[in-house]
Structures are given as C-alpha cells and as structure tokens.
Amino acid sequence: SNLPAPLTNGELTQTALLDDVPSSDKLAQWLLDKGLDTTDWGKENTKDVSKFWKEIKLNEAGLEVWRTADGTLQPVRTVHVLRAKVTSPDRYPRGIFLFNTWQQYGDGRTRTRNGLLSEKLTTAEMPLEENLHEVCRRAVTEEEMQRVVESTMKIGPGRPAPTYDPSYKCPLEVVSEHFVDHIIELEPSKSYPGLLTMYHLYTVDIVCTGLPLTDLNTLEFADADKDGNR
C-alpha cells in the first residue's frame, strides 16, 4: 500500500453509514466496539462525540475502520478537500494561477495564508470525478469567490465590514476544470483523541471567465443569524 504510516500496508475493512451510527450514543458505542473509548472527548480543547456525529450526519466527514499491518483495528475519520488552482483562459497556458495570500475576519483580525484556494467537500460529492464540474462551480461561485471586490478592500477603523447584498451575482463562470492529482495525508485528530484523520486532497485546475486582470479580494458571508443578518 502507498498509504502513509500507520496505515501502510493496511486494509479498509468497513465504511460506516449513518444507519450504522444513527445517534451520538450509538457512535460512541460503535467506536468503543472498535477499541476507541470516547469518554474523555469534550474535555479541555477536544470535541465531544456529538460533534463528530453531526459531521457524519451533515456529510462533512466519513468514518472507516482500517486493519493495520500488525492486525490492529483503527477507526479513521475521512475528510475531502478541494485545492483549487484558479485561472483564466488566457493565463492557463502560461501556468498563472490565483494564490490566496491573506485572510481577514469580520472583526478585523488577519492571518497569512499563502496557499491555493481550498474548500471542504462533502461525502455526498464523492466520487469526485463524477461530480467534478458541479463541485468546482460550487467552490468558486458559491463559496471561496462568491463576491469579488477590489484589492484595496480591507476592514479597519472607519471601514466596517460590508453588508450582505442578496441581489449580487458572482461575475465568475467556471468554463473548464482539469483534475491534477489526489494525495492522502494522515494525522492524529487533535479534536477527537485516538481517532486518525485521513485527508483526501484533490488538486484541480479551474478555468474561469470574469476574473479581474489585477490583484483582487473576495468576500465570504456567514449564514444568517436569528435576525437575518450575515
């Protein structure tokens, strides 16, 4: 097997569905049966088992059991992530893609990103090759780049976060997408102790019309609160 340790030469033995774990209590018992005790989940900086069950219910994560090379059963949380190399038709032949350099939150805090645009996918969107265009369209026009603004747009003193405009239409259109590669990374889950997280990372070239010729910023609005504000 070409999987990283500790699943090198391991074998997938079961993929759990919501029918197998219809409640958070059933999930806790299911994991205990596989040798993983979740009693301490939710303490300190960890999440309780109900949070993981909600991820499964909302198709944000999957649950598998792998048998390692030494015969140990290992519960595995699976997550799928799109890494988008966004470009325009004239720049694609020259190998020029958008690069996400920084991010600012609604309260003004900023952080350095320096990476490709990334979007978490749902398990319902798998297998990716069967849903590639729709996934790329959603990631670009509904999520990561739903609102394109000038590069000078920044939140600060006297410059509050912009208000949500429901009439705004994303100017970008995905005209083609090209699958580049799929790699798997494994790491012990910080949120769910004892659980291994398998990240499926899909890199895709996404060609869009409507991109500005210069640097740009994008806005992403959260879901509406109880008062309808976003």
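1. Salt-bridge network. In this predicted model, a network of salt bridges links Glu119, Glu125, Arg138 and Glu143. The structure holds ten salt bridges.

2. Nonpolar cores. The largest nonpolar core has 23 residues, of which Leu82, Val86, Val140, Met145 and Ile206 touch the most other members. Two or more residues each come from strand 3 (73–87), strand 6 (117–121), helix 3 (132–144) and strand 9 (196–209). Helix 3 gives the largest share, five residues. A second, separate core has 19 residues, including Ala16, Leu31, Trp41 and Val79.

3. Valine 86. Beyond its neighbours within four places in sequence, valine 86 is in contact with Ile96, Phe97, Leu98, Leu117, Val140, Met145, Ile206, Cys208 and Leu211.

4. Glutamate 55 and arginine 77 form a salt bridge through their side chains, at 2.9 Å from N to O. Glutamate 55 lies in helix 2 (residues 49–57) and arginine 77 in strand 3, 22 residues apart, so the pair links distant parts of the chain. Both glutamate 55 and arginine 77 are buried.

5. Arginine 109 forms a salt bridge with aspartate 107, at 2.9 Å between the closest N and O atoms. Aspartate 107 is exposed, at 55% relative accessibility, whereas arginine 109 is partly exposed at 49%. Lysine 190 and glutamate 187 also meet in a salt bridge, at 3.9 Å; lysine 190 is exposed at 67% and glutamate 187 partly exposed at 32%.

Key. Residues are numbered from 1 along each chain as its sequence is written. This is a predicted model: local features need pLDDT of at least 70, side-chain atom pairs count only at pLDDT 80 or more; totals for chains, interfaces and linings use all residues. Side-chain values use heavy atoms; hydrogens and water are left out. A nonpolar core is a set of buried Ala, Val, Leu, Ile, Met, Phe, Trp, Tyr and Cys residues joined through side-chain atoms within 4.5 Å. Buried means under 20% relative accessible area, exposed over 50%, partly exposed in between (1.4 Å probe, protein chains only). Helices (H or I, at least four residues) and strands (E, at least two) are DSSP runs, numbered from the N terminus. Contact means heavy atoms within 4.5 Å. A salt bridge is a side-chain nitrogen of Lys or Arg within 4 Å of a carboxyl oxygen of Asp or Glu.
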